[in-house]
Amino acid sequence: MNGILITWQQLLYVSLGLIVFYIAQLLFFLKRHGWSWPKHASAPDTALRVEVVALRQEVERLKIRLAAQQIEPVTSGAEPVVEVSDESPYAHAIRLARQGAEASQVASVCGLSRGEVDLIIALYRKQGHK
C-alpha cells in the first residue's frame, strides 16, 4: 500500500494547530464585538468602600439622633445661650440650633465642622428662626 501514512505525533501537531487557530478566531471575534476581560479584583473593593462610607454616614446620623433624644426641648423666646456642660458636642449643637444660634457660633463652641453644624441646624432649628 502506497497510501498516506500519518503518525500520532503528526496528528497531535495538526490538532494542536487547529485548537490554537480556533482560539485566535474566538479572541478576535470577542474583541471585535467589544468584549473585555472582567475585572474581579476592583469591583468588590469598590462596593466595599461605598458600603463603608454609607455605614459611617449612618453612624453619624445615629449619633445625632441619640444626642437629640438625650436633651430636653428648649422653650422658645429665649436668646441663644452658650453653656459649658458635659453633654456631647452633637447634643450641645442641637440644643444651640434649637435656641436659634448661628452656624459659625455653634461650630466654634462645639468644635464641629461647618458642614456638620449646617446639617444639624437644618434638621433641628425651629420654624420661627429661619
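Leaving aside neighbours within four places in sequence, with which residues is Leu112 in contact? In this predicted model, the partners of Leu112 are Pro89, Tyr90, Ala93, Ala107, Val117 and Ile120.

**Overall architecture**

The protein chain contains five helices and zero strands, and its elements follow the order α-α-α-α-α from the N terminus. Of its 130 residues, 21% count as buried. The accessible surface of the chain amounts to about 10,600 Å², and carbon and sulfur atoms account for 62% of that area. When contacts between residues at least 6 apart in sequence are considered, 46% of them join residues at least 24 apart.

**The nonpolar core**

Nineteen is the residue count of the largest nonpolar core, and Leu112 is among the residues with the most contacts inside it, together with Ile94, Val106, Val117, Ile120 and Tyr124. At least two residues of this core come from each of the helices H2, H3, H4 and H5. Helix H3 provides the largest share, six residues. The helices that supply the core have the following residue ranges.

| Helix | Residues |
|---|---|
| H2 | 42–70 |
| H3 | 89–99 |
| H4 | 103–110 |
| H5 | 114–124 |

Helix H3 also holds Gln99. Is Gln99 buried or exposed? Its relative accessibility is 9%, and because residues under 20% are classed as buried, Gln99 counts as buried. Gln99 lies 25 residues from Tyr124 in sequence, and the C-alpha atoms of the two residues are 9.5 Å apart in space. Tyr124, for its part, is one of the core residues with the most contacts.

**The N-terminal segment**

Helix H1 covers residues 8–32, and Trp8 is placed in it. The relative accessible area of Trp8 is 74%, so this residue is exposed, the cut-off for that class being over 50%. Trp8 belongs to a nonpolar patch on the surface, which it forms with Ile4, Ile6 and Leu11. Together, these four residues have about 560 Å² of accessible area.

What does UniProt list for residues 12–30? An unreviewed UniProt entry gives these residues as a "transmembrane region". In the model, the chain over residues 12–30 is 100% helix and 0% strand.

Notes
Residues are numbered from 1 along each chain as its sequence is written. This is a predicted model: local features need pLDDT of at least 70, side-chain atom pairs count only at pLDDT 80 or more; totals for chains, interfaces and linings use all residues. Side-chain values use heavy atoms; hydrogens and water are left out. A nonpolar core is a set of buried Ala, Val, Leu, Ile, Met, Phe, Trp, Tyr and Cys residues joined through side-chain atoms within 4.5 Å. Buried means under 20% relative accessible area, exposed over 50%, partly exposed in between (1.4 Å probe, protein chains only). Helices (H or I, at least four residues) and strands (E, at least two) are DSSP runs, numbered from the N terminus. Contact means heavy atoms within 4.5 Å. Patches are made of residues with over 30% relative accessible area and no salt bridge: like charges are joined within 9 Å, nonpolar side chains (Val, Leu, Ile, Met, Phe, Trp, Tyr) within 5 Å. Accessible areas come from the Shrake-Rupley method with a 1.4 Å probe; for residues, only the protein chains shown count as cover. A salt bridge is a side-chain nitrogen of Lys or Arg within 4 Å of a carboxyl oxygen of Asp or Glu. UniProt positions are given in the numbering used here, feature names are shortened, and annotations may be inferred rather than shown by experiment.
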